[in-house]
Amino acid sequence: MPLASQTTAEHVIGAVEAIVVNGKPTSLAMIAEFLGTVPNNATAALEMARELGLVSQDANNDFIINSPLCRFTAIPEQKAAVLRIIIESYRPFTVFRERLVATADLNTAAHATRTICALPAHRDIVKETLISLGTFSRALLHEGGGNYQLDATSLVNALQVIASACKDMTIAEGRVRDQLGPLAQTTLAAQRDAVIIPLADALIRANNRDASGAVQQAGNAVESHIAAMATRMGVGIAGANGIIEKLSRFAGNP
């Protein structure tokens with residue numbers, strides 16, 4: 001649904017990060033808990049994330065990531081860069097920015113955006129939400145007194161940030177593969193996305209002093225590997241939650 005409820009860029013990117021860190025389809029309740037907010041606020045953030053093409057829902061109505069850019073949530077600079085790139089193709093923001101340049105008035109720009117893009121939200125909600133997206137991504141710079149300046153250079157900077165992050169991820173994945181060794185790499189070839197990538201992300205998060213994120217991503221990798229082992233060995237793990245419960249199912253299996 002087009003912009004209908006007010007949200008913040010922090011909540012939008014935080015909702016995406018919750019799904020990335022969880023490493024699997026994630027419920028609304030868990031995302032709300034991750035954000036430290038109520039479900040209604042989490043729903044508004046997820047609706048915007050879906051509008052931006054960052055997330056979608058599966059058959060169980062849980063939320064899943066929908067863009068490779070979602071991986072770049074390790075540090076604030078990368079989060080801002082992702083949003084800066086994404087909003088360049090989000091029509092309500094580009095219309096709002098264009099009308100802001102033309103009129104130099106936030107309310108007039110928001111009203112025009114609401115009309116042109118057929119947005120159901122009130123003008124003030126449109127204004128505050130788009131300002132939040134713009135300032136978080138540094139596409140708009142607050143000058144005080146309700147005045148904002150456009151920052152054309154931030155898009156180039158954002159692309160440079162993502163390019164650098166891609167290089168870091170490639171290096172991290174190579175480091176993980178070296179530590180695993182040839183035999184493990186062969187065994188895990190079909191599980192790159194479920195095991196090797198989360199381990200690489202854990203390494204990056206640890207390097208960025210995100211201890212909880214690093215532990216979570218490493219745990220996701222281990223749990224995915226256990227699930228794959230259970231499938232190969234014919235061990236039933238349905239209903240088992242977490243690493244310990246899954247491992248307990250292997251007891252008595254050859």
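A residue counts as buried when its relative accessible area is under 20%. C117, at 16%, is therefore a buried residue. The structure shown above is a predicted model.

**Nonpolar cores**

- The largest nonpolar core holds 62 residues, and those touching the most other members are I31, L52, L54, L83, Y90, F96 and L130.
- Helix α1, which spans residues 9-22, gives the most to this core, with eight residues.
- A second, separate core has six residues, among them I226, A230, I237 and F250.
- Beyond its neighbours within four places in sequence, L83 is in contact with A9, I13, L52, L133, F136 and S137.

**I31 in helix α2**

- I31 has its place in helix α2, which covers residues 28-35.
- The relative accessible area of I31 is 0%, and the residue is therefore classed as buried, the limit being under 20%.
- When residues up to four places away in sequence are not counted, I31 touches A15, A18, I19, T26, L46 and F63.
- I31 and H11 are 20 residues apart along the chain, and their C-alpha atoms are separated by 9.8 Å.

**R97 in helix α5**

- R97 belongs to helix α5, made up of residues 91-103.
- Is R97 buried or exposed? With a relative accessible area of 18%, R97 is buried, because this value is under 20%.
- The side chains of R97 and E88 are joined by a polar contact of 2.7 Å.
- Residues up to four places away in sequence aside, R97 touches R84, E88 and L150.

**Cysteines**

- A disulfide is a covalent bond between the sulfur atoms of two cysteines.
- How many disulfides does the model contain? The count comes to zero.
- C166 is in no disulfide, and the nearest cysteine sulfur, that of C70, is 13 Å away.
- C166 is partly exposed, with a relative accessible area of 36%, whereas C117 is buried at 16%.

- Rolling a probe the size of a water molecule over the atoms shows where empty space is left.
- Ten residues line the largest cavity, and the closest to its centre are L3, A4, A44, E47 and M48.
- The largest pocket contains about 460 Å³ of space.
- This pocket is lined by 21 residues, of which I65, R71, D193, I197 and P198 are the closest to its centre.
- Which elements give two or more residues to the lining of the largest pocket? They are α1, β2 (63-65), α9 (192-207) and α10 (211-233).
- The largest share of the lining of the largest pocket, six residues, comes from α9.

**Positive phi angles**

- N61 is not a glycine, yet N61 has a positive phi of about 65°.
- N61 is found in the loop between β1 (55-57) and β2. N61 counts as exposed because its relative accessibility of 52% is over 50%.
- R138, also a residue other than glycine, has a positive phi near 70°.
- The loop between α7 (123-136) and β3 (140-144) contains R138. R138 is partly exposed, with a relative accessible area of 42%.

Note on methods:
Residues numbered from 1 in each chain as written. Predicted model: local features only at pLDDT ≥ 70, side-chain atom pairs only at ≥ 80, totals over all residues. Heavy atoms only, no water. Core = buried A, V, L, I, M, F, W, Y, C linked by side-chain atoms within 4.5 Å. Buried < 20%, exposed > 50% of the residue type's maximum accessible area, 1.4 Å probe, protein only. Helix = DSSP H or I, 4+ residues; strand = E, 2+ residues; numbered from the N terminus. Contact = heavy atoms within 4.5 Å. Polar contact = N/O pair within 3.5 Å; in protein donor to acceptor, adjacent residues only side chain to side chain. Disulfide = S-S within 2.5 Å. 1 Å grid on protein atoms, 1.4 Å probe; cavity = no way out; pocket = protein on both sides within 12 Å on 5 of 7 lines; lining within 4 Å. Points joined across faces, edges and corners; volume = space filled by probe spheres on them.
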